Amino acid sequence: MTKASRKRQIKAAQGGACALTGDGLAENVVLTDLDRVLPRAEGGVYDDENTRLVVPRAHMERHG
């Protein structure tokens, strides 16, 4: 599965809203970020249970 198709799938599952802020996600999924619920440093991977879609600003704030 490509990154864009994964983002489209997650966007639909989240109802088009950012998982962190609830803000609406951009129509173009390229302008959104994939985020691991469990960070990579702690063993997190991009899979269905550990991946969510967020707006870039919220993603930057989450990671400092």
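T32 is in contact (heavy atoms within 4.5 Å) with K7, L25, A26, L53, V54 and P56, its neighbours within four places in sequence left aside. The structure is a predicted model, in which local features need pLDDT of at least 70, side-chain atom pairs count only at pLDDT 80 or more, and totals for chains, interfaces and linings use all residues. Residues are numbered from 1 along each chain as its sequence is written, and side-chain values use heavy atoms, with hydrogens and water left out.

T32 sits in the loop between α1 and β1. Its relative accessibility is 1%, so T32 counts as buried. Buried here means under 20% relative accessible area, exposed means over 50%, and partly exposed lies in between (1.4 Å probe, protein chains only). A polar atom of the T32 side chain lies 2.6 Å from the backbone oxygen of V29. N28 belongs to the loop between α1 and β1. N28 is partly exposed, because its relative accessible area is 42%. From N28 to Y46 there are 18 residues in sequence and 20 Å in space, C-alpha to C-alpha.

The protein chain holds 2 helices and 2 strands. Their order from the N terminus is α-β-β-α. These elements are DSSP runs numbered from the N terminus, with helices (H or I) of at least four residues and strands (E) of at least two. For 64 residues, a compact globule would have a radius of gyration near 11 Å, and the protein chain agrees at 11 Å. The radius is taken over C-alpha atoms, and the globule rule is 2.2 Å times the number of residues to the power 0.38. The C-alpha trace spans about 30 × 25 × 15 Å along its principal axes. Of the 64 residues, 31% are buried. The accessible surface of the protein chain is about 4,200 Å², and carbon and sulfur atoms account for 51% of this surface. Accessible areas come from the Shrake-Rupley method with a 1.4 Å probe; for residues, only the protein chains shown count as cover. Among contacts between residues at least 6 apart in sequence, 51% join residues at least 24 apart.

Helix α1 covers residues 3–13, with R6, K7, I10 and K11 buried. Viewed down the axis of α1, the buried residues fall within an arc of 135°, so they line one face of the helix. The arc is that of the directions from the helix axis to the C-beta atoms. An α-helix has 3.6 residues a turn, so residues three or four places apart point the same way. A12 and A13 are exposed on the other side of α1. The buried residues of α1 pack against β1 (33–36) and β2. G15 follows α1 and has a positive phi, near 70°.

M1 precedes α1. M1 counts as exposed because its relative accessibility is 68%. With its neighbours within four places in sequence left aside, M1 is in contact with R6 and Q9. M1 and D23, 22 residues apart in sequence, are 26 Å apart in space, C-alpha to C-alpha.

D33 is in strand β1. At 23% relative accessibility, D33 counts as partly exposed. Its side chain makes a polar contact of 3.2 Å with the side chain of H59. A polar contact is a pair of N or O atoms within 3.5 Å; within protein, one must be able to donate a hydrogen and the other to accept it, and residues adjacent in sequence count only if both atoms are side-chain atoms. Beyond four places in sequence, D33 is in contact with K7, R52, L53, V54, P56 and H59.

R52 lies in strand β2, which covers residues 51–54. R52 counts as buried, because its relative accessibility is 18%. The side chains of R52 and D35 are joined by a polar contact of 2.8 Å. Residues up to four places away in sequence not counted, R52 touches I10, Q14, A19, L20, D33, L34, D35, V37 and R62.

The largest nonpolar core has 8 residues: I10, C18, L25, L34, L53, V54, V55 and A58. Such a core is a set of buried Ala, Val, Leu, Ile, Met, Phe, Trp, Tyr and Cys residues joined through side-chain atoms within 4.5 Å. V55 is in contact with C18, T21, G24 and L25, apart from neighbours within four places in sequence. In soluble globular proteins, nonpolar side chains tend to be buried together.
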